[in-house]
Amino acid sequence: MSVGSNIKHDSSYGHVTGTSIFVDDRSPLRNEIHVGVVGSPYAAGNLKKIHFEEALKLPGVLAVYTAEDLSHNRWGAIFKTQPLLVDKEIGHFDEPVAIIAAENKEVLPKARKLIKVEVEEKEPLFSIDEAIKKEQHVYKATPIIKGNVDKALKESPRTLKGDFECGGQEHFYLESQASIVYPLENGQLEVHSSSQHPTETQHLVAEAVGVPFHYVTCIVKRMGGGFGGKESQAAPFAAYAGLCAYKLGRPARLALTKDDDMAMTGKRHPFKNYYEVGFDDNGKILALKADLYSDAGPYADLSSAILERAMFHIDSAYFIPHAKITGTCCKTNLPSNTAFRGFGGPQGTMTIESIIEDIAFETGKDPAEIRKINLYGKETNNTTHYGQLIDHNPLPEIFEKIIQKADYKKKRDEINKFNKENNGKLRGLSLGFTKFGIAFTAKFLNQGNALVNVHLDGSIQVSTGATEMGQGVNTKIQQIAAHAFGIPSNLVQVMPTSTEKNHNTSPTAASSGADINGSATLKACNKIKERLKIVLHKHWAGEISDGVKEYELEDCGDLSHIVFEDQQVLDKKHGHKISFKEALSIAYFNRVSLGSYAFFKTEGIGFNKEKSEGKPFNYYTNGAAVSEVEIDEYTGELKVLSTDILMDLGRPINPGIDQGQTLGAFIQGMGWVTGEQLYFSDKGKLLSHSPTTYKIPNIQDTPRNFTIEFIENNNNHQAVHRSKAVGEPPFLLGISVFMAVKNALTYRSRERVKLVSPATNERILEQLSGNMNN
Ligand code: MTE
Ligand code: HPA
Ligand code: MOS
């Protein structure tokens with residue numbers, strides 16, 4: 001039925017015809033005003049004064065607001081230490097210092113030019129190493145310790161010491177940060193925001209203007225992409241629009257330009273990780289000591305949770321007997337970094353994948369062989385460095401299958417031959433894994449609620465805290481509800497997310513949107529079904545209300561023989577049947593509720609950081625990819641010749657959507673490790689602030705041969721309908737492209753290749769012209 005089938009994405013028609021409505025597509029209301037943001041002209045310093053008198057004189061400019069106009073000026077997803085508008089210390093270049101309210105959009109850039117920000121400049125800090133030296137950090141994690149790493153390193157036949165560095169990444173969602181706020185009666189506000197986290201957005205708007213939370217409703221119809229960039233960082237922009245709407249009593253619209261969005265908002269965290277690894281002559285890892293350093297920017301944002309996820313994912317798919325992993329979020333004067341698909345997982349995983357390539361180089365073995373002997377086992381070697389048992393570990397099976405599917409050995413032989421020909425091209429091959437922990441690592445976030453309204457014509461509206469950002473969560477929820485009632489999916493509508501219908505929601509993040517909100521939806525549907533079964537049981541038994549006696553919903557024992565199928569309700573034991581619509585009618589006229597609300601929390605998770613004990617994750621989503629690349633030795637140009645992907649997604653609710661998620665995540669991951677490089681000026685201003693200077697992958701960069709398959713797995717009882725979360729895990733498979741480049745370079749190098757991510761054409765060329773044999 002509906003669950004497990006490829007019904008189309010609920011926005012597909014709208015997206016291709018251009019009729020989908022994003023925030024800035026909302027028709028303007030009479031009286032509506034436009035809001036612009038003024039950024040800091042320095043990366044560090046103390047704010048002395050903002051001169052905006054000249055700007056106020058411009059026709060059309062209504063007001064300029066600064067920190068003093070805010071009722072409360074500190075926010076933060078975890079630590080509430082970040083100003084909405086700078087009040088004293090400047091954190092980074094283009095950090096919001098003031099907002100402009102105007103009658104039209106055209107006057108905003110002119111007004112911005114007339115605003116002078118007086119600053120007592122300070123020496124900014126832009127690199128992780130500098131921050132380490134100056135002991136500048138926003139967070140230090142509790143180390144993860146397993147066994148005795150010092151002893152194990154000392155006893156290891158071989159060791160390697162080094163560092164691994166990976167860069168940041170711009171989210172490049174197609175819809176910039178955007179909000180429209182409508183003032184309602186008595187100071188209430190209706191906020192429409194492109195936000196992954198309507199509840200946090202509601203809270204921040206309320207705090208900024210100084211009203212209780214119940215004065216503010218935040219509504220999210222959809223986002224034109226979020227990718228983590230709207231988990232925390234959508235909220236301040238809604239607060240700016242909210243402040244203008246509240247102060248001026250007029251609807252206020254804020255939609256950042258692409259350039260402003262890129263310059264003002266945070267990105268993926270760059271990491272620099274120092275390590276020492278111990279192994280034997282076969283390349284079996286015996287111990288790993290790693291100190292992870294992320295570039296957090298000036299504020300904490302989600303950095304602590306991202307760092308901890310990186311520490312949890314430093315194993316990739318490999319068993320590490322002795323480990324000590326430390327982590328620090330460095331404080332720098334670059335835009336404050338935030339959630340981005342994978343949430344630290346990629347930065348952790350990439351470190352060990354790079355180490356594995358180095359171990360292969362040092363031992364003279366194929367990297368796939370090193371991966372195989374270190375892979376988590378099914379019965380033994382199946383506990384992570386933080387003590388979680390890997391249940392039903394499919395990794396060995398995935399390894400065997402991907403080697404076959406990608407014809408790894410044949411490709412390796414061919415590459416060995418090809419690279420000897422010296423024809424100006426160099427090829428490389430790599431296998432990479434994803435073993436992504438599913439759950440918010442902050443336990444309290446693993447909760448959700450759903451509201452289901454069944455209407456008398458048999459159509460259904462579902463509301464949950466999940467937000468649709470393109471990932472298809474609405475479609476999955478639609479399928480879950482349709483399946484529950486045995487009706488076609490077009491009779492279910494998933495409604496815009498609103499804090500009025502679903503309260504205290506978690507962000508749609510951690511790939512668990514469908515897991516959490518889909519489960520809550522199923523629970524709510526089941527409550528209504530149980531009521532309907534009782535009504536029908538009584539109806540068929542002739543016990544229905546006579547119009548005098550009140551009808552009671554009482555326990556009628558096991559009614560599992562009453563089922564919902566094909567828009568009918570059937571009593572399989574007694575042979576009764578009735579249409580779904582008639583069943584609803586009987587219930588309604590007997591005053592039985594056709595709406596329900598349900599709460600869901602993920603069971604069985606919880607982790608004690610101090611003791612490194614417990615289970616941070618509900619389960620893992622696993623997969624592997626083999627990528628083959630070709631680089632031009634004269635230009636450094638990179639081509640991905642092939643990528644073969646194998647994913648374990650349990651029993652997908654919508655295999656087509658999951659295929660799209662796998663493909664998109666892989667390409668986005670590949671972009672992070674190849675072409676996407678952020679450039680800042682020596683004053684800390686983002687130079688790569690538009691598509692002309694920041695290159696995301698396009699169709700030419702897509703693997704020439706590209707296959708995606710799923711393994712069969714009916715055993716995931718941890719998630720709704722035995723599905724598995726898909727949104728982030730395949731992002732980590734993009735790393736295989738980087739490792740294939742690294743592998744290609746080893747064919748021309750006497751020493752192990754020290755390649756920094758992203759492997760841009762320039763970096764590849766640099767490697768080929770230094771350090772090379774010929
Ligand atoms: N897919 C699209 N099309 N657009 C997005 O913004 N975000 C990703 C992923 N897939 C994203 C996406 C991220 S970062 C996460 S955490 C998940 O979707 C969130 O959705 P889910 O939990 O409902 O899968
Ligand atoms: N993943 C994604 N987003 C989050 C998390 C997480 O583990 N924790 C808080 N926000
Ligand atoms: Mo995704 S980075 O958890 O929004």
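I began with burial across the protein chain: buried residues account for 61% of its 774 residues. The model is a predicted one.

Next I checked overall dimensions. For 774 residues, a compact globule would have a radius of gyration near 28 Å, and the protein chain has 28 Å, so the two agree. I read the extent of the C-alpha trace along the principal axes as about 95 × 75 × 50 Å.

I then looked up surface and contacts. The protein chain exposes about 30,100 Å², with 50% of that supplied by carbon and sulfur atoms. Of the contacts between residues at least 6 apart in sequence, 80% join residues at least 24 apart.

I noted 19 helices and 30 strands in the protein chain.

Helix α13 covers residues 408-420. Its 13 residues should span 18 Å at 1.5 Å a residue; I find the end C-alpha atoms 19 Å apart, which agrees.

Which residues of α13 are buried? I list Y408, K411, R412, I415, F418 and N419. They cover an arc of only 130° around the axis, so they lie on the same side of α13. On the face turned away from that buried side I find the exposed residues K409, D413, K417 and K420.

What do the buried residues of α13 pack against? I traced helices α11 (367-374), α12 (395-405) and α18 (735-746). The strands β17 (425-438), β28 (619-632) and β29 (638-648) are also packing partners.

Last, I checked what follows α13: N422 has a positive phi, near 50°.

Conventions: Residues numbered from 1 in each chain as written. Chains lettered and ligands numbered in written order. Predicted model: local features only at pLDDT ≥ 70, side-chain atom pairs only at ≥ 80, totals over all residues. Heavy atoms only, no water. Helix = DSSP H or I, 4+ residues; strand = E, 2+ residues; numbered from the N terminus. Expected span 1.5 Å × (residues − 1). Buried < 20%, exposed > 50% of the residue type's maximum accessible area, 1.4 Å probe, protein only. Arc of directions from axis to C-beta. Contact = heavy atoms within 4.5 Å. Rg over C-alpha atoms; globule rule 2.2 N^0.38 Å. Areas by Shrake-Rupley, 256 points an atom, 1.4 Å probe, with all protein chains shown as cover.
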